[in-house]
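The following briefing concerns a single protein chain and is intended for reading beside its sequence and coordinates.

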Amino acid sequence: MEPSHSTFTKQIIIDACWNRLEVRLGLESSSGCVDFHQVNVSVNSIPVGWNWFFGTNTTLRGTMVAPETMTAEDLAVVGGQWKASLLRWRIKDTCLESTNVSTWWPVMKQNLERMERLTANFIALKVKLVVNFFTIPGGKWADTGATRLAFSTEMQDAFVEVWRQITLRYKDKHDEYIIWAFDLLNEPNWINNHTSAPIVTWPQLAERASRAIYAIDPKRVILVTFEHWGNVDGAPTFPILLPTVVYTFHYYHPMCITHQGIFLEYPYGIPYPASNISSCVPYTAWNAQVIRKDMQPAFTVLNRFHLAGAIGEWSG
């Protein structure tokens, strides 16, 4: 039998107080022989202050909108009456689910042109925008729900290229257009498709797209959503070391409260704040203290790596 060969990279995160690390290579729960060649060890530190936004108090508050039906009158209500300072302009188009990647940029361009027609209104209301790739490009397999983007090199190349084209479109136009950030992908959820594993992780693809954007426009803010549908447990194990990256997560905990009236199994009836809840296991109360505790895993990671963070979607 011919020996098998593989190359792998392992990142180990250690705290600053460590002064010694021992690495052991070998076989575990198996038998045979293994040879290791070209073992390289490098140490990277994350200095305080590397991220533009960490420790600042940049407060932007708003909502997600449906561009396909958004009008100037709608914008006047959201930005004028409701005083929103930020809108998440989602690019949601079923045409983007096509496996024909040559169609992605033309569809995205049409959606951006719809946004640009309201530029004067955004400026007048002082509303900033987040441009978001809401539709998962390439779609998903119906039987497993796996994202095709995770399994196709061609789609990954096209995904990065679309963001390059968007960046080129708005490069050097920070004053003319009021786009605050690019939101790479809505609620990434990388799972296996039957017996196949994704050929690239979401953090790897997100870093590739982020670096492509940064190379063209180093002033553009880039939002990278946590894995696992953007949940607090999907925080990165190691961050993208670019000063313009802001990590974002979505918060819908627990769904029996945040989705009241949306699904039949979650009827209306739980107020905020609430105590002595019996219908929302494991939650027995719902208040600011519970929410802070729920979000703590996300904040722990953000603070550990000196990362800026934002809540991209929220219901409470």
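A residue is called buried when its relative accessible area is under 20%, exposed when it is over 50%, and partly exposed in between (1.4 Å probe, protein chains only). Helices (H or I, at least four residues) and strands (E, at least two) are DSSP runs, numbered from the N terminus. This is a predicted model, in which local features need pLDDT of at least 70 and side-chain atom pairs count only at pLDDT 80 or more, while totals for chains, interfaces and linings use all residues. Residues are numbered from 1 along each chain as its sequence is written, and side-chain values use heavy atoms, with hydrogens and water left out.

**Strand S6 and the sheet**

- In strand S6 (residues 245-251), 7 of the 7 residues are buried, so the strand is largely enclosed by the rest of the structure.
- Both faces of S6 are covered, with Val245, Tyr247, Phe249 and Tyr251 buried on one side and Val246, Thr248 and His250 buried on the other.
- In a regular strand, side chains alternate between the two faces of the sheet.
- S6 belongs to an open sheet of 7 strands in the order S1-S2-S3-S4-S5-S6-S9, with parallel pairing.
- Strand S1 (62-65) and S9 stand at the edges with a single partner strand each, so one side of each has no neighbour in the sheet.
- From one strand to the next, the twist averages 30 degrees; angles run from 0 to 180 degrees between N-to-C directions, and axes are lines fitted to C-alpha atoms, for helices over the stretch in contact.
- Two strands pair if DSSP finds at least two bridges between them.
- Strand S5 (residues 221-225) pairs with S6 in the parallel sense over 4 bridges, and Thr225 stands opposite Thr248 in S6.
- S6 and strand S9 (residues 308-314) run parallel and are joined by 6 bridges; here Phe249 stands opposite Ile311 in S9.
- Strand S4 (residues 179-183) is joined to S5 by 3 bridges, again in parallel, and Ala181 stands opposite Val221 in S5.

**Helices on the sheet**

- Helix H2 (residues 104-116) lies across strand S2 (86-91), strand S3 (128-133) and S4, and runs at about 150 degrees to S2.
- H4 lies across S3 and S4, at about 175 degrees to S4.

**Nonpolar cores**

- A nonpolar core is a set of buried Ala, Val, Leu, Ile, Met, Phe, Trp, Tyr and Cys residues joined through side-chain atoms within 4.5 Å.
- The largest core has 73 residues, of which Leu87, Phe159 and Leu184 touch the most other members.
- Helix H4 (residues 153-170) supplies the largest share of this core, 8 residues.
- A second, separate core of 8 residues includes Leu86, Trp180, Ala181 and Val246.
- Leaving aside neighbours within four places in sequence, Leu87 has contacts that include Thr63, Val65, Phe122 and Leu129, where contact means heavy atoms within 4.5 Å.

**Cysteines**

- The structure holds 1 disulfide, defined as a pair of cysteine sulfur atoms within 2.5 Å.
- This disulfide joins Cys256 to Cys280, with an S to S distance of 1.5 Å.
- Cys256 in helix H6 (residues 255-258) and Cys280 in the loop between strand S7 (274-275) and strand S8 (285-286) are 24 residues apart, and the pair links distant parts of the chain.
- The torsion about the S-S bond of Cys256 and Cys280 is about 60 degrees, so the disulfide is right-handed.
- Cys256 and Cys280 are both buried, whereas Cys33 is exposed at 85% relative accessibility and Cys95 is partly exposed at 44%.

**Loops and backbone**

- Asn189 is found in the loop between S4 and helix H5 (202-216) and is buried at 12% relative accessibility.
- Not counting residues up to four places away in sequence, Asn189 touches Thr147, His228 and Trp229.
- Most residues other than glycine have a negative phi, and most peptide bonds are trans.
- A cis peptide bond joins His253 and Pro254, with omega about -20 degrees; Pro254 lies in the loop between S6 and H6.
- Another cis peptide bond joins Tyr272 and Pro273, with omega about -10 degrees; Pro273 is in the loop between H6 and S7.
- Lys83, in the loop between helix H1 (72-81) and S2, has a positive phi near 65 degrees and is exposed at 61% relative accessibility.
- Asn276, in the loop between S7 and S8, has a positive phi of about 55 degrees and is exposed, with a relative accessible area of 72%.
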